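Thanks for coming. I have one structure to show today, and I will keep to what can be read from the coordinates.

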Amino acid sequence: MKQPTSRQIISTFQGFFVLSIKTTAESDYPVDAYREPVIGWQIDDDSIHPIPLTPSGEDFQSLDILYPDGTVMNPFDCPYENFDSWLKAQQDNFNRRHGVSK
């Protein structure tokens, strides 16, 4: 039988936000992002990264985190210098998936 996972909750400094893509009404094209403040981090024994906790609850859907210094990080993606470069990458990914060329 698998042992229960140990969890630890730690607080965070202000200025961290979970990003989730905001799209147009007509398509899934990324035009901006919703920003939900991170109020803590959950650390699980079997996880390779902390899970952001937000006022609405744990957010497993997005691990794109806007840091207080303006960078955007995701443990499974490259870091982005700022929000604009992150959004452009999301738009470029959308275009590639849908066969749109510039």
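I will go through confidence, then the helix, then the salt bridges and the aromatic pairs.

First, the ground rules. This is a predicted model, so local features need pLDDT of at least 70 and side-chain atom pairs count only at pLDDT 80 or more, while totals for chains, interfaces and linings use all residues. Residues are numbered from 1 along each chain as its sequence is written, and side-chain values use heavy atoms, with hydrogens and water left out.

On confidence: pLDDT is the predictor's confidence in each residue, from 0 to 100. The mean for the protein is 89, and 91% of its residues reach 70 or more. Helices (H or I, at least four residues) and strands (E, at least two) are DSSP runs, numbered from the N terminus.

Now helix α1, residues 83-97. The expected span is 1.5 Å times one less than the number of residues. For these 15 residues that gives 21 Å, and the end C-alpha atoms are 21 Å apart, which agrees. At the N-terminal end, Asn-82 is the cap, with a side-chain oxygen 3.2 Å from the backbone nitrogen of Asp-84; the cut-off for a polar contact is a pair of N or O atoms within 3.5 Å, where one must be able to donate a hydrogen and the other to accept it, and residues adjacent in sequence count only if both atoms are side-chain atoms. After the helix comes Gly-99, with a positive phi near 70 degrees.

What do the buried residues of α1 pack against? They pack against β2 (17-23), β3 (30-37) and β8 (72-73). Buried means under 20% relative accessible area, exposed over 50%, and partly exposed in between, using a 1.4 Å probe and protein chains only. The buried set includes Phe-83, Leu-87 and Phe-94. Trp-86 counts as buried because its relative accessibility is 0%. Leaving aside residues up to four places away in sequence, Trp-86 touches Leu-19, Ile-21, Ala-33, Asp-64, Val-72 and Tyr-80, where contact means heavy atoms within 4.5 Å.

Next, salt bridges, defined as a side-chain nitrogen of Lys or Arg within 4 Å of a carboxyl oxygen of Asp or Glu. The whole structure has three. One joins Asp-44 and Arg-7 at 3.5 Å, N to O. That pair links distant parts of the chain, with Asp-44 in strand β4 (residues 40-44) and Arg-7 in strand β1 (residues 7-11), 37 residues apart. Asp-44 is buried at 11%, whereas Arg-7 is exposed at 56%. Another joins Asp-32 and Arg-35 at 3.8 Å. Within the helix, Lys-88 and Asp-92 have their closest N and O atoms 3.0 Å apart; they are four residues apart, about one helical turn.

Last, the aromatic pairs. Rings of Phe, Tyr and Trp (its six-membered ring) pair if their centres lie within 6.5 Å; planes under 30 degrees apart count as stacked, over 60 as edge-to-face and the rest as tilted. A search of the whole structure finds four pairs. Phe-16 and Tyr-67 are edge-to-face, at 5.0 Å centre to centre and 65 degrees between the planes. Phe-16 sits in the loop between β1 and β2 and Tyr-67 in the loop between β7 (65-66) and β8, so the pair ties together parts 51 residues apart in sequence. Ring pairs link Phe-16, Trp-41 and Tyr-67 into a cluster.
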